[in-house]
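Hi,

Here is the structure I said I would pass on.

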Amino acid sequence: MKTLIQKIYVEEHHSFACRTYKTPHFETAWHKHLECELILITAGNGTALIGDYIGEYKEGDVFFLQSNVPHWFRKLQNNAIGSAIVLQFLSDFWGDVFLSLPEMKPVARLLGQENIAIQLQGALSDEITAIIRQLEYAEGLDRIQLLLNAMLRIGSSNEYQVVTMASSTSSSSAENSVIESVIDYSFKHFLSPISLKEISGITNMSIPAFCRFFKRNIKKSYLDFLKEIRIGHACKLLRDTDRAILDICYNSGYNSWANFSKQFKVVSKLSPSAYRKQYKK
């Protein structure tokens, strides 16, 4: 069985990890680790599952994840190349005394926000991207200085979006394997009807037991999770194609325009036509 807890390897002459993960090593399933993570997507696109968040990721995106926030970056296409530069470090690796210095308040405040994950935006994203690319090849004290600069800049900025504040869970490896199976099945079949009976059946649980299990681990109901996958798919079609909106409705797992329109507004806060206009100007 696959475990949710990932062990991060750090070279003997380094105090934290920084390396590129490229297909097939980019494909890591639902997992978490003690280390905080700063990640720059360098190739590919797909769906990011971070805590209770479901959203798109693409080349150039930068995320910061606190310790023990479960996550999974799923490629849009199995035969595509995924790649990211990933920094992973323990929040106290530079020592509690150093972290308590007045000059370190922005970093201490950022690292003190448990269970949080953020996506950087605008000039901040560009700035941190440049630092991460330098850091990948840096050695010695330059590595620590660059990471410190990145964390100070993030901690002093508000140019980011909080994507999750979901609390972590302590699941057994058996439970984590079930979660992974449910997520994988959902992404493979979300364009078709999926009933609670069907999805609970693959876990060998009753419907009530499955619903409790899923919400405990993902922090939302299964039907809300499925809705967000479908609407996320519809959003991509609205942005990237000129297909008729009604056609997109029926090609996003819905068989009712009224239901699709209602659910789309719940998730995106806009109607499908208003959402498309944002990207077709």
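**What I found**

Asn68 is partly exposed, with 22% relative accessible area; here buried means under 20% relative accessible area, exposed over 50%, and partly exposed in between, using a 1.4 Å probe and protein chains only. Asn68 also has a positive phi of about 65 degrees, although it is not a glycine. You'll find Asn68 in the loop between strand S5 (62–65) and strand S6 (71–75). Helices (H or I, at least four residues) and strands (E, at least two) are DSSP runs, numbered from the N terminus.

Before you go further: this is a predicted model, where local features need pLDDT of at least 70 and side-chain atom pairs count only at pLDDT 80 or more, while totals for chains, interfaces and linings use all residues. Residues are numbered from 1 along each chain as its sequence is written, and side-chain values use heavy atoms, with hydrogens and water left out.

Lys269 sits in the loop between helix H10 (257–268) and helix H11 (272–279) and counts as exposed at 67% relative accessibility. Then there is a cis peptide bond from Thr23 to Pro24, with omega near 10 degrees; Pro24 belongs to the loop between strand S1 (17–22) and strand S2 (36–43).

Now the overall picture. The protein has 11 helices and 9 strands. A compact globule of 281 residues would have a radius of gyration near 19 Å, and the 20 Å of the protein agrees with that (taken over C-alpha atoms; the rule is 2.2 Å times the number of residues to the power 0.38). The C-alpha atoms fill a box of roughly 60 × 50 × 35 Å along the principal axes, and 47% of the 281 residues count as buried. Of the contacts (heavy atoms within 4.5 Å) between residues at least 6 apart in sequence, 72% join residues at least 24 apart.

Which residues touch the most other members of the largest nonpolar core? Ile128 and Met151 do, in a core of 31 residues. By nonpolar core I mean a set of buried Ala, Val, Leu, Ile, Met, Phe, Trp, Tyr and Cys residues joined through side-chain atoms within 4.5 Å. S2, S5, strand S7 (83–89), helix H2 (105–111), strand S8 (117–120), helix H3 (122–135) and helix H4 (141–155) each give this core at least two residues, and H4 gives the largest share, with 6. Leaving aside neighbours within four places in sequence, Ile128 contacts Leu38, Val62, Leu120, Ala150, Arg153 and Ile154. Apart from this core lies another of 20 residues, including Ile183, Ile199, Phe210 and Phe225.

Lys75, in strand S6, counts as buried at 15% relative accessibility. From Lys75 to Tyr57 it is 18 residues in sequence and 8.9 Å in space, C-alpha to C-alpha. Gln263, in helix H10, is buried as well, with a relative accessible area of 18%. Beyond residues up to four places away in sequence, Gln263 touches Lys227, Ile231 and Tyr254.

Cheers
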